[in-house]
Amino acid sequence: MKKYWTGAHTKHRLMVHIVWIPKYRRRVLKSILAKRIEELLRECADVNRWKIEELNIQVDHVHIVLQFRPDVALSKLVQQFKGKSSRILRQEFPELKEFHWGNSFWGDGFFAETVGKCDLQTIKNYVKNQ
């Protein structure tokens with residue numbers, strides 16, 4: 001596994017932990033639906049050349065640790081995951097309309113936190129003492 005990715009003029013390792021929920025935090029992410037969500041998220045990552053380091057689908061939320069490229073904003077990245085999977089899930093699982101009305105399967109918003117090799121204080125000390 002390559003730790004750093006290289007672009008035309010960049011070397012980077014951008015890692016993020018993202019969490020999001022289905023609308024109304026319904027406890028529906030199980031069995032065949034959870035399996036399909038995993039397939040869709042992995043397909044989205046592959047198409048966009050991102051790497052899912054870890055993925056955990058709980059009954060009422062999704063955790064993902066992802067390495068991505070610097071040419072995409074985090075909000076757009078999450079929009080890709082949630083938007084495309086929502087559209088496909090609502091088509092393939094029409095019974096979900098009973099729990100989720102409107103044009104979205106996922107709830108608004110998300111949680112995101114960067115993931116690094118070093119803690120903040122180590123980085124601050126490194127920068128300060130250069």
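Mentor: Here is the overall layout, then the rings, then some surface details.

This is a predicted model. The protein chain has three helices and six strands. Read from the N terminus, its elements follow the order β-β-β-α-β-β-α-β-α. Along the principal axes, the C-alpha atoms fill a box of roughly 60 × 30 × 25 Å. The chain has 130 residues, and 35% of them are buried. Take the contacts between residues at least 6 apart in sequence: 70% of these join residues at least 24 apart.

Now the rings. A search of the whole structure turns up four aromatic pairs. Start with tryptophan 20 and tryptophan 106. Their ring centres are 5.8 Å apart and their planes meet at 85°, so this pair is edge-to-face. The cut-off for that label is an angle over 60 degrees. This pair links distant parts of the chain. Tryptophan 20 sits in strand E3, residues 14–20. Tryptophan 106 sits in the loop between helix H2 (74–92) and strand E6 (111–114). The two are 86 residues apart. Both tryptophan 20 and tryptophan 106 are buried.

Next, turn to phenylalanine 105 and tryptophan 106. Here the ring centres are 4.8 Å apart and the planes stand at 80°, so this pair is edge-to-face too. How exposed are these residues? Phenylalanine 105 has a relative accessible area of 0%, so it is buried. Tryptophan 106 has 1%, so tryptophan 106 is buried as well. The cut-off for buried is under 20%.

Now put the pairs together. Ring pairs join Trp20, Trp50, Phe81, Phe105 and Trp106 into a cluster.

Then look at the surface. The accessible surface of the protein chain is about 8,600 Å², and 52% of it belongs to carbon and sulfur atoms. One nonpolar patch there is formed by Ile123, Tyr126 and Val127. Together they have about 320 Å² of accessible area. Isoleucine 123 belongs to helix H3. Its relative accessible area is 41%, so isoleucine 123 counts as partly exposed.

Follow the chain on to asparagine 129. This residue lies in the segment after helix H3, which spans 120–128. Asparagine 129 has a relative accessible area of 58%, so it is exposed. A polar atom of its side chain lies 2.9 Å from the backbone oxygen of asparagine 125. Compare the position of asparagine 129 with that of alanine 112. They are 17 residues apart in sequence, and their C-alpha atoms are 29 Å apart in space.

Last, check the backbone. Most residues other than glycine have a negative phi. Tyrosine 24 has a positive phi of about 60°, although it is not a glycine. Tyrosine 24 lies in the loop between E3 and helix H1 (31–48). Its relative accessibility is 44%, so tyrosine 24 counts as partly exposed. Serine 31 is not a glycine either, yet its phi is positive, at about 45°. Serine 31 is in helix H1. With a relative accessible area of 61%, serine 31 is exposed.

To recap the part you asked about: five residues, Trp20, Trp50, Phe81, Phe105 and Trp106, form the ring cluster.

Definitions and conventions: Residues numbered from 1 in each chain as written. Heavy atoms only, no water. Helix = DSSP H or I, 4+ residues; strand = E, 2+ residues; numbered from the N terminus. Buried < 20%, exposed > 50% of the residue type's maximum accessible area, 1.4 Å probe, protein only. Polar contact = N/O pair within 3.5 Å; in protein donor to acceptor, adjacent residues only side chain to side chain. Phe/Tyr/Trp six-rings, centres within 6.5 Å; stacked < 30°, edge-to-face > 60°. Patch = residues over 30% accessible without salt bridge, like charges linked within 9 Å, V, L, I, M, F, W, Y side chains within 5 Å. Areas by Shrake-Rupley, 256 points an atom, 1.4 Å probe, with all protein chains shown as cover. Salt bridge = Lys/Arg side-chain N within 4 Å of Asp/Glu carboxyl O. Contact = heavy atoms within 4.5 Å.
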